[in-house]
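Here's a quick briefing to read alongside the model. Have the sequence and the 3D view open as you go.

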Amino acid sequence: MERLLKYFSVSMSMNSEERLELVKRNTSEILGIEELEESLKSKKKPSVYLGTAITGSPHVAYFVWVNKLADFAKAGFKVKILLADLHGALDNTPWEVLEKRYKYYESIIPLMFESLGVSRKSLEFVKGSDFEMSKEYFFDILKLSTFVSVHDANKAASEVVKLGDNPKLGGLIYPLMQALDEEYLGVDVQYGGMDQRKIFVLAGEILPKIGYKKRVHVMTPILPGLIGKKMSSSVTGSKIDLLDDEETVKKKVNGAECIEGNADNGLMAFLRHVVFVLKKDKKEDVVVERPVKFGGTVHYKSYDEMEKAFVSKALHPMDLKITVAKEINSLLAPIRKNREKLLKLWNDAYS
């Protein structure tokens, strides 16, 4: 209750402009900024949702959107997290393990919020199939399908769904459902990564055609992986799983691509979009601990300061890696308290 009151009191002490700045923090693009401003002025508690498809095993890049949803909560939004089980099936999750993967997501995603000090009481978790299998929802999907071409559906899904050379029909239904979820969840805002942009644009175009309002869409960056690609569950070497132990995290970070003087890598991106955002709120520095002979311990108050040191080669890649591994292990520590239970669920879902 103390944490819930903390988030409530933060929003109550801010005016609409301050709440807007908090929502805008760490974003790449907002479609409908004027409508967002109006919602913050006219509604005591506007609502936002993010959907996460039940597919691969969640990894540390999920902390980008977990932290952004924490910003929405602080700004006074009602926050909904859609655990999109049917979307997972449409994106090639086998039907026979779908419920098992849902149970894993249902157990581990709330722990990510708790790791950041966000009470589950300030969030609402929704299972997709609980409302997406209703007669009304199905009828609306059929209506939407008469307004969307195969080309447009394919284009919208291309950066989100694993379509392949011979796309399945399910992958084309996926963006229509994601658009319709905005209406059935009753939200003012849908939030996601930049890879969702084409679906967001489609949603804004097609929902008004069946009598539903256009929503605001907020996007944050997609983190590059440890090996230079998008951090993805389907590319094992690119990501750090939420159940990786301390030594595995250190090993993966140590093997990450990190050219001296070049800040364009997954480690720096994680610092920028996750670690420094959290440190700023706590009024803490990122601390790089190193022997005196290598320059001694140094404190960085901002990402820009740390990036400048790395680009100028005042900060060595190995010191960067040790620091990032330490920060990731700190984030994962609360999750590891439940590791035995979570590992059983993971084995059922993914082994």
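**Overall build**

A compact globule of 351 residues would have a radius of gyration near 20 Å, and the protein chain has 21 Å, which agrees; that radius is taken over C-alpha atoms, and the globule rule is 2.2 Å times the number of residues to the power 0.38. Keep in mind that this is a predicted model, where local features need pLDDT of at least 70, side-chain atom pairs count only at pLDDT 80 or more, and totals for chains, interfaces and linings use all residues. Residues are numbered from 1 along each chain as its sequence is written, and side-chain values use heavy atoms, with hydrogens and water left out.

- The C-alpha trace of the protein chain spans about 70 × 50 × 35 Å along its principal axes.
- The protein chain has 16 helices and 8 strands, taken as DSSP runs numbered from the N terminus (helices H or I, at least four residues; strands E, at least two).
- Of the 351 residues, 55% count as buried, where buried means under 20% relative accessible area, exposed over 50% and partly exposed in between (1.4 Å probe, protein chains only).
- Among contacts with a separation of 6 or more, 77% link residues 24 or more positions apart; contact means heavy atoms within 4.5 Å.

**Helices α13 and α15**

- The axes of α13 (residues 266-282) and α15 (residues 317-336) come within 11 Å and cross at roughly 50 degrees. Axes here are lines fitted to C-alpha atoms, for helices over the stretch in contact, with angles running from 0 to 180 degrees between N-to-C directions.
- That makes α13 and α15 oblique to each other (under 35 degrees is roughly parallel, over 145 roughly antiparallel, 65 to 115 roughly perpendicular, and the rest oblique).
- On the α13 side, the contact includes L267, F270 and K279, while α15 brings in residues including L320, E327 and L331.
- The residues of this contact divide into 11 nonpolar, no polar and 3 charged (Ala, Val, Leu, Ile, Met, Phe, Trp, Tyr, Cys and Pro are nonpolar; Asp, Glu, Lys and Arg charged; the others, Gly among them, polar).

- Q190 is found in strand β5 (residues 189-193) and is buried, with a relative accessible area of 2%.
- Leaving out residues up to four places away in sequence, Q190 touches Y49, Q178, E182, F200, V216, H217 and V218.
- R120 lies in the loop between α6 (95-115) and β4 (123-127), and counts as partly exposed at 41% relative accessibility.
- Setting aside neighbours within four places in sequence, R120 is in contact with E106, P110 and F125.
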